Amino acid sequence: MTPPTPGDLDIDARYACAKALALEAAQLGMDFYRRREALAVEHKGSDRQDVVSIADKRIEDFIRARLAERFPEDGFLGEESGSADLQARCVWVIDPIDGTACFVNGLHTWCVSVGLLVDGQPHVGAIADPNHDELFHGCRGRGAFVNDTPLAVSAATHVCEGLTGAGTFHPRGKEHFIPFLQKLLGEGGMFIRNGSGALMTAYVAAGRLIGYYETQLKSWDCLAGLVLVEEAGGRVNDFFRNDGLLHGNPYLVAAPGVYRQLAQLIGPSLDG
Ligand code: 2AM
Ligand code: CA
């Protein structure tokens, strides 16, 4: 028997749905964002910087219900409500608000991220940034775009030629981060952190950043963006090893001309 291929599935319908859903969820996010002073904010676990609001939960419920209605046979993994049917050929991996700390503090760098795994591979991604009217989207084999403009990664061949995204969170904190920054600066590079892993990944696909390193990221923060980076000609690390889908991993995406240099500056913790 021949193995199943993505061609057996209705990828067109899922790609269209990912884009429409990300845009609609982002408008819902804007409704909450405009009255964010009234939102109750909770802290996740012991990390005081890790926050969640009712907006995150409501938007995820909205996306999950829509997907269940439209593609009842598909699996689901979301930041706020957990997983279902992960053995399905199509698994949606979504973050209702990526950049929640920015969202609750009135910083405009947050987005809705809708990704789709097909047979275990990132296949479709849609990242909606309503503050800047940008929808980043892509589908395996069909390219990546911001709105209607095709994306291509940077042509940089040394880290001194552009900006590198860098981020960390307390559980993996300083030890995997400060040495990297020191070495990056030592090479004449420069870093930026905007608080949204999905947006920084989209910016690598768009050539705005030459690369992006995060000491530890969750799959819902990056899955949609991984499709965009690969379709835009970039390189990505082995993020899915050791159950990365469920537990996360260190994360690097970059233009091909600087990937190796950044990986060396990070050291063995990247894919170790
Ligand atoms: P979030 O806004 O959805 O929480 C910023 O550096 C990135 O780290 C964001 O994409 C943010 O996602 C993510 N992040 C927040 N808390 C995290 C944690 N405890 N572990 C890993 N990533 C986290
Ligand atoms: Ca989130």
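Start with aspartate 95: an N or O atom in its side chain is 3.0 Å from an oxygen atom of ligand 1. That is a polar contact, meaning a pair of N or O atoms within 3.5 Å. This is a predicted model, where local features need pLDDT of at least 70, side-chain atom pairs count only at pLDDT 80 or more, and totals for chains, interfaces and linings use all residues. Residues are numbered from 1 along each chain as written, chains are lettered from A and ligands numbered from 1 in written order, and side-chain values use heavy atoms, without hydrogens and water.

Next, glutamate 214. One of its polar side-chain atoms lies 2.8 Å from a ligand 1 oxygen. At glycine 197, a backbone N or O atom lies 2.9 Å from an oxygen of ligand 1.

How many residues surround ligand 1? The count is 16, each with a heavy atom within 4 Å. Asp98, Gly99 and Thr100 are among the closest.

Finally, the domains, whose bounds come from an automatic or database assignment. Domain 1 (6-150) and domain 2 (159-270) both give residues to this shell, so ligand 1 lies between them.

Definitions and conventions
A polar contact is a pair of N or O atoms within 3.5 Å; within protein, one must be able to donate a hydrogen and the other to accept it, and residues adjacent in sequence count only if both atoms are side-chain atoms.
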